[in-house]
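User: I would like to learn how to read salt bridges in a model. Please start with the general idea and then turn to the case shown here.

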Amino acid sequence: MGRGKIEIKKIENATNRQVTYSKRRNGLFKKAQELTVLCDAKVSLIMFSSTGKFHEFLSPNISTKGFFDLYQKTTGIDLWNSHYERMEENYRRLKEINKKLRREIRQRMGGDLNELNIKELQALEAKMDSSLLAIRERKYHVIKTQTDKHKKKVRNLEERHANLVMDLEAKLDGQDGIVETGGYYESTMGLLPNGASNLYALRLYQNQQPPLVLHDGTNDLRLA
């Protein structure tokens, strides 16, 4: 029993459409290869799927350029000249754009102004004002970003300093150099790093005024 006749129309289901394309493409390539071998024919197939994927078959006895040269010779259509003309036209267009951009750059730097009329000068002035505004906005943004960054660093350093001071005070409270009367030994000064620690010891001395009392018979000798 033979298969039913398939109606030739677009397959709406994307998956089925892709499967059918893949199967029939392989069948076409197989037929083209058989035609090349059996008949010594020069065959070229170029295919693009609905998704834009490129597939190509070319007989092994000819190159792509040779195939198109043969096509031009047979049909009398010069493919390369038309392509060259399009490239020339595109080149001229890009060259003119580049020329205009270079002239505009020179004008913004104060050159090539003699040929401009009053309207063109006013337009150039408006463009430069707009550019200057954008530059200032960018500059202020950079300054603000750097300022915020440095402020954050300062806050971090202040927090680290406060933590170090608290740790130092905790260590000083446990040192043997501090006597019960609230005074301190001079050797404590040697335990404190840099001048900041010495200032801390000096603050203890000035705030607490600890007397060191030496008993010598009936006389009291106070060292303040």
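User: Which residue forms a salt bridge with Lys 144, and how far apart are the closest N and O atoms?

Analyst: Side chains of opposite charge can pair when their charged atoms come close. The criterion here is a side-chain nitrogen of Lys or Arg within 4 Å of a carboxyl oxygen of Asp or Glu. Lys 144 pairs with Asp 148, with 3.0 Å between the closest N and O atoms. This is a predicted model, in which local features need pLDDT of at least 70 and side-chain atom pairs count only at pLDDT 80 or more, while totals for chains, interfaces and linings use all residues. Residues are numbered from 1 along each chain as its sequence is written, and side-chain values use heavy atoms, leaving out hydrogens and water.

User: Where do Lys 144 and Asp 148 lie relative to each other?

Analyst: Both are in helix α4, four residues apart, or about one helical turn. Helices are DSSP runs (H or I, at least four residues), numbered from the N terminus.

User: Is Lys 144 buried or exposed?

Analyst: Buried means under 20% relative accessible area, exposed over 50%, and partly exposed in between (1.4 Å probe, protein chains only). Lys 144 is exposed at 54%, whereas Asp 148 is partly exposed at 36%.

User: Which residue forms a salt bridge with Asp 69?

Analyst: Lys 65, with the closest N and O atoms 2.9 Å apart. Both residues lie in helix α2 (residues 64-75), four residues apart.

User: How many salt bridges are found in the whole structure?

Analyst: The search finds six. Glu 88, Glu 89 and Arg 92 are linked in a network of them.

Notes. Helix = DSSP H or I, 4+ residues; strand = E, 2+ residues; numbered from the N terminus.
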